[in-house]
Amino acid sequence: MATIELRKVEKKFGDLHAVKPLDLAIKDGEFVVLLGPSGCGKTTTLRMISGLETVTGGKILLNGKEVTWNHPSERDLAFVFQFYALYSHLSVRQNIAFPLQAQGMKKQDIDARLKEVVDILRIPHLLRARPGKLSGGDQQRVALARALVRRPSAFLMDEPLGALDAELRESMRAEIKNLHLAQHATTVYVTHDQIEAMAMGDRIVVMSKAEVQQVGTPMEVYYDPANLFVARFIGSPGMNLVKGRVSQGAVHIGDCGRSPFPPGWNTAITRALDGRDEVLMGFRPEAARVNGSGSFSGEVYTTDMHGAYTVLHVRICGDEIVHIRSDRQTSYPIGTPVKFELNPDMVRFFDPRTESAIRREAP
Amino acid sequence: MSRFELQHITKRFPTVTALDDVSFSFEHGEFFVLLGPTGAGKTTTLRVIAGLEKQDEGSILLDGHALDSYTPAERDVAFVFQQYSLYPTMTVYDNLAFPLRSPMRNTPEPEIRKKVDEAAEKLRITQLLNRKTAQLSGGEMQRVAIGRAIVRAPRLFLMDEPLSNLDAKLRESLRVELKHLQKTQGSTTLFVTHDQIEALTMADRIAVLNEGRIVQQGTPDDIYDKPGTTFVAQLVGTPKINLLKAGRQDGTIHVVDSGLTVPAPKLPLPESFLLGIRPEDIRPDPKGAFTANVNLIEPLGVETILHLRSGNNSLVGLVPGMAAQKVGEEIRFDIVREKLHFFGSDGARIVGDAR
Amino acid sequence: MARFEERGPRIPVAQATRVDKVNPRARALRVFIALVSVIMALIMLLPVGVMAISALKTRADVMSAPPKILFRPTLEGFMLLFTDRAVASPARLQELQENAKTGKLGLFERMALDAGMEITGPSAYVTRLENSVIIAGTSTVTSVVLGLFAAYAFSRFGLKGKNDLLFFILSTRMLPAVVVTIPLFLMYRQLGLHDRHLGMIILYTVFNLSFSVWLLKGFIDEIPKEYEEAALVDGYTRIQAFFKIVLPQAVSGIAATTVFCLIFAWNEYAFALMLTSQRARTAPVTIATMMGRGGIEWSAIAAGAMGFLIPVVIVTFALRKYLLRGITFGAIRG
């Protein structure tokens, strides 16, 4: 059993709030991702869990036991760093054996564990090499082996793929996820890359400016973002957010389109806005479809080739630019007028004043 | 107007040949991208063009005129580094003004003020002008670095992976901004990166570099649709293309160690070769012709990556939206035949009669 | 590949992970260690303290055994150090006593009078002190300036045999001064540099160069060369890039190097003893050789040592911010 619980954990540096009081309960075997831009507090939170950073308030519990003031070595957690942190003067074998030797394990036990771990990560051929001579991917595999060999209660990973080439990141991502599926080990993973978070996480904790913005499964944060930040941050490109006016049961986007409320939204929106008439309508690039009879119109600003598909940047009235995903068959030179339609199931609404999402089913 | 040409550039270092007979050219106003993995020689190419390194063989020409004997200052190029481009002891304003204050240019102060303000506005950093560079965020620093290049209105912009050190989200927005800026300014730009998304979205044309050699040149569409080698095919496109060993028997192609078969196209195929299938061309279909087991699912929201196992082969598929499939499930799928790629065992694309 | 990471303000790790702030056991240990450190510091400062006190004692007090802890402080030691005296004739004594009554005599003159002497002028020590300032100051400036340019070249340019050259420069420090002094003495005699300021300046400069080149190279290596390359591409010559970009960032390294070179040159004894006699003799030798003059003038020696110590302490203290940063960031531990 390896559950991790954070109760009102907070971190202040003098007057600066690096992490505002945070509650999080991580289940045994769960892969939880702390996601956010630089400086949002995700790494500080991870370091507090590991004990590398002291806590200014709150409690941390491992398997129900409080470890808030335990030394990092007393928490049975393994930490994987972005820049590998391998000992360059030791061979790969010595690097991996290091944590076990520190615990005073017997030689044959160390050898047995070593073999196990090295087979899992497929690096037996690297045992004699020096870390400095290895490629980035191999170095990260060695770092993972060193963490794995301890059989800790949980793994903490701080942007382990950040230093790798884009190509390698893809394959290492799948490797780490496969490892997790095989080992069922509780993992807390920090990244700024929302693609990694979506691909790997059982649950994602989206953070910004020291606060948690939303905790949910990938599908929850993607399809039902709790606020504007999550809506923009998740997805590549993020959600389109256009200003609209509510009147007569429909949303008017300037004078380039109107759409009656999709079913289930009318009551919720009117109630949330409470007399105001400005609302933000959100839709993801794939929720829009270009077709001749669409209810919204605009002009092509530029197009981006993305390999399997194209992204159209369309300027609509009010000088806003929306991104629409399109196939590569049709070509859209700059300036082409286009009409597009929105999938009513995928449209979301936000209160511009609170920046929060308006929930569809009215409470 | 102006056309840059690199002719047979070779650069050797004591331990490695960084550039081996590299030739390519680009026109005024073009956004040309050098794409390749780390160590391919991209940075060396930029440094040779800028004059910070001297090539051992070959020549750099501008409109037919050789630049090789010119110092970096005389070549009128601007360099944006991956990092360490800003002088830490100066304010943002002084950083932007620095190139204009060089003794070579001798620009009067009022004109410097005007040019700096213009550049700051284009990059939306006017509010940062009086700050010290140490107080800036990563994205702001790179904007200032680009601003410093713009301020000189040089003939050519050289950018060495300027977005690599930024957060993913920041990279996205700065990418769009940079492309827009380049298009409106019409500035000739040579941009170097290892990230294929940057290359595909920003480039007018791409040159793929590997181990010091140019492997393929063309528009993003060319590179993606008709990769000349397995290297290029695997470099561009995410998730990576599936490359499977296959053999031909009469009119059918059999993938080794699996039940996948497709009718053979009209190409001179050798006995054994590599079949390339892009993940988006694998279509799950309950009535599909082939079966596979789902090993891993990566839900990205807009699409889902499926890691499949068919026979002894690992396949990666890409399906739009949320996938209905679950890990461990057996699924049926089809392959889009028109989009298959064929490569010889030497890695080169097999061409012949069009399909 | 470093990243533009922002993890909040740059708090040093030691402060951010202060386990002792919460764990009473750790706190007690910390207090104990602090106490032991203070006691050890006191023990180590004891000789310096004794010297400081001796400088303020009278001749008699200095010699007394057991040593006097409570005494009447006096500046007699300084007077003995800075002035030459002679026994005054009775007529002169009379004259001086008259002047004393009317308040025309200075402090030192009155002290001398009490012992039946008169001041005949400043002692040789004052000149020697000046020599120290000139020689140490000039050689420090020269070695730092030359070292700076050499360090930059070693750092940025790929010279053939660079590593050999660097080792050669380091090797000049490998021989102890005593071994080298005799050949140097003979050479200097021949060249007419013996007992000249120029001779000592050249010697100290050369000796300090190895140190300053190595230390400054370490600092300059830390400054990414992309900065200068950006300037080159922007239209500056290398020299301009050096002054505008490298120098401002190397300031702390230069400060650290200056202090170290200064300390060496200021305190240097062996060479000064052998290669100077009257004209270019420096203060350290003078203070030590005061031992031979008609008995050991302990109070004068103590006064001299204290006086000699103070300028260096002041300079080091003033530059302490640079020094600390310099030691931890430089390639060589001093």
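What distance separates the centres of domain 1 of chain B and domain 2 of chain B, taken over C-alpha atoms? This is the opening exercise.

The model is predicted: local features need pLDDT of at least 70, side-chain atom pairs count only at pLDDT 80 or more, and totals for chains, interfaces and linings use all residues. Residues are numbered from 1 along each chain as its sequence is written, while chains are lettered from A and ligands numbered from 1 in the order in which they are written.

**Exercise 1. Domains**

Task: Determine the distance asked for above, then treat chain A likewise.

Solution. Step one: chain B is divided into domain 1 (3-235) and domain 2 (244-343), the bounds coming from an automatic or database domain assignment. Step two: the centres of these two domains of chain B, taken over C-alpha atoms, are 39 Å apart. Step three: in chain A the assignment gives domain 1 (4-232) and domain 2 (238-358), and 38 Å separate their centres, again over C-alpha atoms. Step four: 7 residues from domain 1 of chain A and 8 residues from domain 2 of chain A form the contact, two residues being in contact if their C-beta atoms, placed from the backbone, lie within 7 Å.

**Exercise 2. The contact of chains A and B**

Task: State which elements of chain A supply at least two residues each to the side that touches chain B.

Solution. Step one: the contact takes 30 residues from chain A and 34 residues from chain B. Step two: the elements of chain A are α5 (166-183), α6 (194-200), α7 (218-223) and β16 (296-305); helices (H or I, at least four residues) and strands (E, at least two) are DSSP runs, numbered from the N terminus. Step three: α5(A) gives the most, with 6 residues. Step four: by class, this side of chain A has 14 nonpolar, 8 polar and 8 charged residues. Here Ala, Val, Leu, Ile, Met, Phe, Trp, Tyr, Cys and Pro count as nonpolar, Asp, Glu, Lys and Arg as charged, and the others, Gly among them, as polar.

**Exercise 3. The contact of chains B and C**

Task: Describe the side of chain B that touches chain C.

Solution. Step one: 26 residues of chain B are in contact with 19 residues of chain C. Step two: β6 (77-80) and α4 (138-150) of chain B each supply at least two residues of this side, and β6(B) has the largest share, 3 residues. Step three: the residues of this side divide into 17 nonpolar, 7 polar and 2 charged.

**Exercise 4. A sheet in chain B**

Task: Explain why β2 and β5 of chain B each have one side without a neighbour in the sheet.

Solution. Step one: the open sheet of 4 strands has the order β2-β1-β4-β5 (chain B), with antiparallel pairing; two strands pair if DSSP finds at least two bridges between them. Step two: β2 (17-27) and β5 (65-66) of chain B are at the edges with a single partner strand each, so one side of each lacks a neighbour in the sheet. Step three: strand β1 (residues 3-12) of chain B pairs with β2(B) over 7 bridges in the antiparallel sense. Step four: Arg3(B) has Glu27(B) in β2(B) as its bridge partner.
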